[in-house]
Amino acid sequence: MRIEPITCFRPDPHHVQDFAALPYDVFTNEEARRYVEDHPRTFLAIDRPETGFDEGQNPYAPEVYAHAQQVLRDRQLDQTLVRDEHPCYYLYEQTSGSHRQMGILGSIACDDYLDGTLRRHELTLPAKEADRVRHITTVRAQTGPVFVAYRDNMAINVILDAARAADPIYDFVSDDGVRQRVWRIAREVAVESLGVVFATIGEAYIADGHHRAAAAVRICQDRREQGKQNDPAEYFLAALFPASQLRILPYDRVVSEVGALTEQELIDGLAARGFACGEPSVQAVEPAQKGCFGLFAFGSWRLLRWEGETTEDPVANLDVSVLQNEVLDPLLGIRDPRTDERISFVGGAEVTELESLAGQGGIAVRMYPTSMDEVMSVADAGELMPPKSTWFDPKLLSGLAIRRIW
């Protein structure tokens with residue numbers, strides 16, 4: 001892989017806590033507006049520029065993207081953002097409770113995406129991809145990092161551990177309770193060593209940010225057609241983490257209503273489809289391994305254990321696929337989870353929230369988390385994950401580095 005250091009705008013340390021924000025796509029419209037109102041300097045005002053207009057504003061109108069450009073310029077003028085002119089990497093560490101993950105902010109060659117070295121597991125939607133293309137081209141910068149995983153590499157770990165010996169440039173707790181620390185890696189020998197070691201990595205995987213990556217590559221291809229050479233758009237902003245350090249939480253399913261289906265009909269149907277059904281309990285069920293599910297239905301929890309056949313297909317063997325193919329479709333009639341309004345997806349939820357969402361007439365399914373090995377196996381096979389298969393936690397912050405591309 002070709003990983004290059006970056007020059008960027010980044011927050012002044014005094015403003016980083018107010019500026020850096022969670023990714024644009026984890027907020028609903030209402031949540032984004034409320035957050036921007038409460039945090040006037042936030043990066044989210046750039047990433048979700050429609051928050052600067054009245055409700056009902058078309059978020060894809062030219063004036064909306066122009067507003068993002070203006071807010072970015074304002075944050076430079078009021079010195080919320082400072083320019084780091086020297087090419088460097090940034091060590092990015094997140095600590096959430098007992099979990100810690102440590103990666104690198106840098107840039108990845110678009111060619112690594114095009115030739116399959118950087119592998120993906122998610123289908124991109126044309127409208128969302130076009131939105132990010134217009135956003136990047138208007139603000140003339142890559143503003144949110146693509147979240148990338150790579151198989152662990154001892155040499156990279158040694159370099160990063162050495163970088164942590166210095167004082168971080170940022171050390172703060174974000175709104176979601178995660179400690180965020182960033183170190184600047186600018187020594188020439190360390191920068192060169194990281195580039196050399198990353199070049200030995202055979203492949204890497206997009207964990208999150210498929211639309212940002214696809215948009216950056218589209219812009220690169222367009223500029224190539226215009227004859228641009230040695231162009232900064234040949235690379236895109238990324239945060240790269242060892243796969244073993246990443247944490248994936250359950251991405252649970254809630255179905256709002258089950259129609260005329262009775263409890264016994266549901267249990268009988270599950271048994272007929274290959275599930276062993278436990279006894280009902282008032283205690284919430286947390287699945288302890290792959291192939292197990294916690295089912296909340298008709299006011300009780302049950303442990304479901306899949307005892308049906310397995311295949312060599314890495315997608316069909318995912319728990320989310322088993323649930324869709326053996327329960328949601330045949331028993332509840334949810335044939336397309338992307339469009340059926342009865343189903344919702346809840347990432348990182350408490351069991352009490354699932355019970356509340358299901359209510360008396362629906363069901364909730366507590367999932368066992370998809371593993372990073374499963375994600376990589378699907379990507380290696382050139383397949384796509386079903387929708388809402390992974391909930392990575394903690395989420396990376398956007399706005400820690402803003403990479404100008406022209």
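This briefing covers the pockets, salt bridges and strand pairing of one protein model.

The model is predicted, so local features need pLDDT of at least 70 and side-chain atom pairs count only at pLDDT 80 or more, while totals for chains, interfaces and linings use all residues. Residues are numbered from 1 along each chain as its sequence is written, and side-chain values use heavy atoms, with hydrogens and water left out. The largest pocket has a volume of about 1400 Å³, and a search of the whole structure finds 31 salt bridges.

**Pockets**

- Rolling a probe the size of a water molecule over the atoms shows where empty space is left.
- A pocket is found on a 1 Å grid over the protein atoms alone, as an open set of points where a 1.4 Å probe fits, with protein on both sides within 12 Å along at least five of seven lines; lining residues have an atom within 4 Å of a point.
- Grid points are joined across faces, edges and corners, and a volume is the space filled by probe spheres set on the points.
- The largest pocket is lined by 49 residues, and those nearest its centre are D25, V26, K128, Y251 and K388.
- Two or more lining residues come from each of helix 2 (29-38), helix 6 (126-139), strand 10 (204-208), helix 9 (210-225) and strand 19 (391-392).
- Here helices (H or I, at least four residues) and strands (E, at least two) are DSSP runs, numbered from the N terminus.
- Helix 2 gives the largest share of this lining, six residues.
- By residue type, the lining of the largest pocket has 20 nonpolar, twelve polar and 17 charged residues.
- In this count Ala, Val, Leu, Ile, Met, Phe, Trp, Tyr, Cys and Pro are nonpolar, Asp, Glu, Lys and Arg are charged, and the others, Gly among them, are polar.
- The second largest pocket has a volume of about 270 Å³.
- Its lining consists of 14 residues, with D176, G347, W391, D393 and K395 the closest to its centre.
- Seven nonpolar, three polar and four charged residues make up the lining of the second largest pocket.

**Salt bridges**

- A salt bridge is a side-chain nitrogen of Lys or Arg within 4 Å of a carboxyl oxygen of Asp or Glu.
- One of them joins the side chains of D84 and R10 (3.1 Å, N to O).
- D84 lies in strand 3 (residues 81-96) and R10 in strand 2 (residues 6-11), so this pair ties together parts that are 74 residues apart in sequence.
- Both D84 and R10 are buried; buried means under 20% relative accessible area, exposed over 50%, and partly exposed in between (1.4 Å probe, protein chains only).
- R164 and E93 also meet in a salt bridge through their side chains (2.9 Å, N to O).
- R164 is in the loop between helix 7 (154-163) and strand 8 (170-173) and E93 is in strand 3, so the pair links parts that are 71 residues apart in sequence.
- R164 is partly exposed at a relative accessible area of 24%, whereas E93 is buried at 2%.
- A further salt bridge connects R342 and D340 (2.9 Å, N to O).
- R342 is partly exposed, with a relative accessible area of 23%, and D340 is buried, with 18%.
- Salt bridges also link R2, D111, R224 and E234 in a network.

- Two strands pair if DSSP finds at least two bridges between them.
- Ten of the eleven residues of strand 4 (residues 99-109) are buried.
- Strand 1 (residues 3-4) pairs with strand 4 in the antiparallel sense over two bridges, and E4 has S107 as its bridge partner there.
- Strand 3 runs antiparallel to strand 4 and is joined to it by seven bridges; S96 is the bridge partner of H99.
- The hairpin of strand 3 and strand 4 has two residues between the strands, and G97 takes a positive phi near 60 degrees.
- Six bridges pair strand 4 with strand 11 (residues 235-242), again antiparallel, and A109 is partnered by Y235.

- Six strands form an open, antiparallel sheet in the order 14-16-15-18-13-17.
- Strand 14 (275-277) and strand 17 (343-347) are the edge strands, each pairing on one side only.
- Strand 13 (residues 251-255) pairs with strand 17 over five bridges in the antiparallel sense, and Y251 stands opposite G347.
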